[in-house]
Amino acid sequence: MNKVWFSLLGAAILLGSAAPGASAAENAVPDPTQFTPTFQTVSWKSPSSVTGDNLVWSFLNRQQKTLMSLDNINSGTNVRKQFRIMDRTTDKFGTTHYRLKQYVDGIPVFGAEQTIHVNKSGKITSYLGAVISEDQQADAKENTTPKISATEAVYTAYEDAATRIQSLSSSVNTVSEPVENTSNVSKDTYEKASNNELSISIDKEPLEVAEPSSSSIAKIANLEPSVDPTAELYIYPDGDTTRLIYVTEVNILQPTLLRTRYFIDANDGKIVYKYDILNEVIGKGRGVFGDTKTFETTASGKKYQLKDTTRGKGILTYNVHNTETLPGTLYTDSDNVWEDPAAVDAHAYAIRTYDYFKDKFGRDSIDGHGMAIASAVHYGPKNYNNAHWGGTHMLYGDGDGTTFAPFSSDLEIVAHELTHGVTEHSSGLVYFGESAALSEAISDIIGNDIDRTNWNFGKVAYTPNIKGDAIRSLSDPVKYGQVDHYSNFYPDPNNEDYGGAHINSGIINKAYYLLAQGGTFHGIKVDGIGRDAAVYIYYNAFTNYLTSTSNFSTARAAVIQAAKDSYGEDSIAVTSAIKSFDAVGIK
């Protein structure tokens with residue numbers, strides 16, 4: 001522990017990046033999206049009466065060489081050692097979706113995830129995934145014992161975060177003192193939207209978690225974690241070889257809002273990659289715009305709480321009182337008539353979003369298992385122009401009244417942000433490059449679908465005094481600064497938008513619009529199949545088929561396969577899905 005303490009005292013003279021997006025690091029590794037999965041259409045049924053999970057194991061055992069170029073796994077026992085089933089769900093069409101992950105000597109491989117799909121007749125219809133080669137496996141087996149602890153990895157991340165914040169605040173500390181609290185950091189620094197890349201699953205057990213002292217380590221730097229920090233050990237593909245790394249996260253609210261994912265070499269303790277993953281928008285009571293809403297609350301003694309206990313593990317709404325201190329104060333009222341418009345909207349729209357996912361997709365809250373939904377209004381200083389999904393809670397700024405009204409006033413924004421949580425707990429799309437654009441697109445698609453007034457997104461809270469404009473358009477992405485065809489893909493050379501997350505998501509939004517509404521684009525005519533069928537296909541593809549490092553090409557394959565599995569191989573849904581991606585240049 002002494003080594004960690006002295007390292008922290010020197011934090012003031014370390015170098016850190018203050019820019020949003022991905023950051024280079026010493027002995028850097030390829031970015032987290034480099035391990036792109038491949039898609040295979042298959043038609044495989046066990047020759048025996050094998051069913052359930054055993055069908056998946058039988059499939060992997062017999063198809064490993066064809067699908068994954070693995071030659072040396074000769075028995076079902078070894079297949080089970082190398083792969084683990086992380087989740088399994090069955091949709092309304094009877095297709096069961098399996099999510100797996102590759103392990104080497106009990107350590108998960110970052111990005112080596114697979115999805116396998118079994119239709120109602122027991123036939124496996126498709127496989128999407130990535131695995132490391134046998135040479136990489138052999139290399140990984142030579143290095144499975146970390147030389148630093150998980151606590152040291154957490155410490156390194158918080159040390160770097162403290163240095164970044166100090167750099168941003170322009171305050172100068174001496175090396176003999178801990179980093180001071182820098183409360184004057186500009187809130188505008190992290191106004192780029194982003195998303196979490198964690199993948200939560202029912203069978204997953206962290207291999208090594210930071211000891212309880214990690215929270216104390218973080219506090220030393222005056223950085224109070226909003227989520228207890230942990231570090232998980234991974235094998236990380238690095239060209240033809242592998243690295244042993246820890247993946248950890250800094251998630252703090254003060255002295256500035258920061259949520260950064262760190263990849264730390266488990267042998268030398270150096271940061272090899274990092275990127276910011278904040279989720280935010282670019283940008284009976286009455287709501288912000290005077291409409292009356294009714295919603296479930298909870299009686300507690302002689303008062304009522306803004307707490308709905310009838311849905312999942314609860315929907316709760318808090319007042320942060322224009323601070324950054326969570327969870328804030330749970331709203332209470334004596335007569336059950338609520339006077340805070342921002343709280344009324346946040347509570348009502350969180351309920352409506354929960355009901356949307358439950359009624360349309362059968363999903364029980366963000367994680368599919370009833371996760372409590374906590375909303376905090378009046379977050380940050382007055383006129384704060386942002387809303388965030390923080391991994392465990394929603395934070396809504398009040399807006400400045402000109403660019404934005406209070407963010408909780410817009411159902412589409414609420415649904416968009418909570419959908420980032422759904423993505424985090426399903427495919428876990430890495431928030432960088434094409435994977436990040438996919439994450440933004442599905443959030444836009446769900447946000448737009450929950451309202452369905454037109455094809456614009458974010459039209460209520462954005463510029464409340466100007467009618468008819470919006471943050472983005474699914475039907476005409478170019479109208480609000482996005483691109484709508486892969487030939488115009490924006491490479492984002494300086495990583496100012498996490499590899500083009502918000503600009504390039506317009507391509508996927510346009511493909512979805514064409515599938516739902518139909519139309520001719522770049523000379524290709526697409527027959528629309530309607531919003532209901534289109535949004536179900538996209539939700540199914542993005543939550544059950546994609547893996548964390550999926551790109552546009554694998555998204556195309558996943559959407560087409562989801563259409564096949566749901567509506568049949570010869571259906572108009574499949575034909576239109578194919579043409580919609582052709583029309584936007586995604587092959």
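Let's start with a charged pair: Arg88 and Asp53 form a salt bridge, with their closest N and O atoms 3.2 Å apart. Arg88 sits in strand S3 (residues 83-90) and Asp53 in helix H2 (residues 53-68), so this bridge links parts of the chain that are 35 residues apart. Arg88 counts as partly exposed, at 31% relative accessibility, and Asp53 is partly exposed too, at 27%. Keep in mind as you look around that this is a predicted model.

The structure holds 23 salt bridges. Another one joins the side chains of Arg243 and Asp238, at 3.2 Å from N to O, and here both Arg243 and Asp238 are buried. Arg243 also forms a salt bridge with Asp265, where the closest N and O atoms are 3.0 Å apart. That pair links distant parts of the chain, with Asp265 in strand S9 and Arg243 in strand S8 (residues 241-252), 22 residues apart. Asp265 is buried, as is Arg243. Elsewhere, salt bridges link Glu249, Arg259, Arg261 and Glu424 into a network.

Now to the aromatic rings. A pair of rings is described by the distance of the centres and the angle of the planes. The count here comes to 27 aromatic pairs. In one of them, the rings of Phe110 and Phe263 have centres 5.3 Å apart and planes at 85°; angles over 60 degrees count as edge-to-face, so this pair is edge-to-face. Phe110 lies in strand S5 (residues 107-118) and Phe263 in strand S9 (residues 258-265), so the pair ties together parts that are 153 residues apart in sequence. Buried means under 20% relative accessible area, so Phe110 at 6% counts as buried, and Phe263 is buried at 0%.

Trp455 and Tyr512 form another edge-to-face pair, 6.3 Å centre to centre with 65° between the planes. Trp455 lies in the loop between helix H9 (433-451) and strand S23 (456-457), while Tyr512 lies in helix H10 (residues 501-517), so the pair ties together parts 57 residues apart in sequence. Trp455 is buried, with a relative accessible area of 12%, and Tyr512 is buried at 0%.

Ring pairs also link Phe93, Tyr356, Phe357, Phe361, Tyr536, Tyr539 and Tyr567 into a cluster. Within that cluster, Tyr536 has Lys92 over its face, at 4.5 Å from the ring centre. Lys510 likewise lies over the face of Phe521, at 4.5 Å from the ring centre.

Leaving aside neighbours within four places in sequence, Tyr538 is in contact with Ile442, Ile445, Ile508, Ala511, Tyr512, Leu515, Val559 and Phe581.

Finally, have a look at helix H9. At 1.5 Å a residue, its 19 residues should span 27 Å, and the end C-alpha atoms are 28 Å apart, which agrees. Of those 19 residues of H9, 18 are buried, so the helix is largely enclosed by the rest of the structure. Just after H9, Arg452 takes a positive phi of about 60°.

Notes
Residues numbered from 1 in each chain as written. Predicted model: local features only at pLDDT ≥ 70, side-chain atom pairs only at ≥ 80, totals over all residues. Heavy atoms only, no water. Phe/Tyr/Trp six-rings, centres within 6.5 Å; stacked < 30°, edge-to-face > 60°. Helix = DSSP H or I, 4+ residues; strand = E, 2+ residues; numbered from the N terminus. Buried < 20%, exposed > 50% of the residue type's maximum accessible area, 1.4 Å probe, protein only. Lys NZ or Arg CZ within 6 Å of the ring centre and 35° of its normal. Contact = heavy atoms within 4.5 Å. Expected span 1.5 Å × (residues − 1). Salt bridge = Lys/Arg side-chain N within 4 Å of Asp/Glu carboxyl O.
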